[in-house]
Amino acid sequence: MKITGIDCHVLLAPNFDPALTSSAQDSFIVVINTDEGIDGYGESDVNPWIAKTCIEAPGTHTMSLSLRDILIGADPSDIAALWRRMYVGTCMHGRRGAVIHAMGALEMALWDIKGKIEGKPVYELLGGLTQPSIVPYASLQPSGKSFEEYRDSLCAWAQRAKEFGFKAVKAEVTMNGPYAHSGLHESFDRHTEVVAAVRKALGPNIALMVDVQYMWDDAATALETVRQWKEFDLFFLETPIWVDNLDEYARLHDEAPMKIASGEWLATHWEFAELIERGNIDVAQPDVGRVGGFLEAKKVCDLAAKHRRIIVPHCWKTGLSVTATAHLAFNTPHCAFIEYLPPHLCVETLRRELVQEGFDFVGGRILPPNKPGLGIELNEEVLRRYKVA
């Protein structure tokens, strides 16, 4: 079998709002074609125009090759060897960042092909089931341009998630900092009010995580607020400070009353090694596409296990990425939750319309996919409708 083509799809929802801090309004989808008619699908959480260029740009020397040229004509079955060829061949213009994120989409598509060839779901190819079901958390992003609207929207979403059967919820509580919602600029004490309101809406028996999207400048400032959150019994606090402030993360690990989670933006297991070993984070959050694909994600999982840390993968795209994340989780015994927002609990157009996930959600748990490859169903008409490049 040989790879005969790579189609890059830049998708954009027509109702996108550039003021929002949500990458779910666009998507980057790759389709790898083979000479035997078996196609593989991949997705990555990256600027889709940049990712398309990363794959299609021509190369002029051995240290800066074209990802497309590396793969065309190759046998898709030896994924580790192809990843190495892509990494070595693009190191001068890649090595981290967008090139690795684009490679993650390609690698995901290669696993989809391999599963279809062998008639097995991807998690079996990765080593098999290590847990019988996965608990997802509902990842909730509120709406509203005032404090009251923000708080009430988040509590309403939390109530809907509870009614739908979720056993865990992550609330975005970001009304200050570099990614403050809708231009809000609320005091940190008001953030405490929102966390309290969400915990009250959920009750004591649903796990609660909070994402503040890099809101504080340093650990000392963060601790002034989050020490007050001990009573809310948070499973983790996500990205409280900038991801590169590793020593400040280590202080939060030592002094905060809850686990600290980070890693959504990182590329390759080498970046996670720094975050885990120096930053001392409690919860590693590899994103399958962004980190470079399944193989890199598994290396992160192994690194976390070595240091006795928890895995909770990041995923903020369509059902394609969510399903890929589920495959990783089923092969990872120390994966506590995965991020999941089903179509009826979100407003993002692409999430609602593009992909049918490859798994069943029953009783607050995700059951193992049983179809070959990723097992997703992609709506080709929606792919055409929202393609802009």
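1. Asp211 counts as buried, at 7% relative accessibility, where buried means under 20% relative accessible area, exposed over 50%, and partly exposed in between, with a 1.4 Å probe and protein chains only. Its salt-bridge partner is Lys170, with the closest N and O atoms 3.8 Å apart; a salt bridge here is a side-chain nitrogen of Lys or Arg within 4 Å of a carboxyl oxygen of Asp or Glu. Lys170 lies in strand 5 (residues 168–172) and Asp211 in strand 6 (residues 207–211), so this pair ties together parts that are 41 residues apart in sequence. Helices (H or I, at least four residues) and strands (E, at least two) are DSSP runs, numbered from the N terminus.

2. This is a predicted model, in which local features need pLDDT of at least 70 and side-chain atom pairs count only at pLDDT 80 or more, whereas totals for chains, interfaces and linings use all residues. Residues are numbered from 1 along each chain as its sequence is written, and side-chain values use heavy atoms, with hydrogens and water left out.

3. Lys170 itself is buried, at 3% relative accessibility, and its side chain also meets that of Glu339 in a salt bridge of 3.2 Å, N to O. Because Lys170 belongs to strand 5 and Glu339 to strand 11 (residues 338–340), this pair links parts that are 169 residues apart in sequence. Glu339 is likewise buried, with a relative accessible area of 2%. Through shared partners, salt bridges join Lys170, Asp211, Glu238 and Glu339 into one network.

4. By the salt-bridge rule given above, the count comes to 21. Another of these pairs is formed by Arg96 and Glu271, whose closest N and O atoms are 3.9 Å apart. Arg96 sits in the loop between helix 3 (79–89) and helix 4 (98–118), while Glu271 is in helix 10 (residues 268–277), so the contact ties together parts that are 175 residues apart in sequence. Arg96 is partly exposed, with a relative accessible area of 22%, and Glu271 is partly exposed as well, at 24%.

5. Which residues of helix 13 are buried? Helix 13 is mostly covered, with 12 of its 12 residues buried, and among them are Gly319, Val322, His327 and Phe330. Helix 13 (residues 319–330) reaches 16 Å from its first C-alpha to its last, close to the 16 Å expected at 1.5 Å a residue, the expected span being 1.5 Å times one less than the number of residues.
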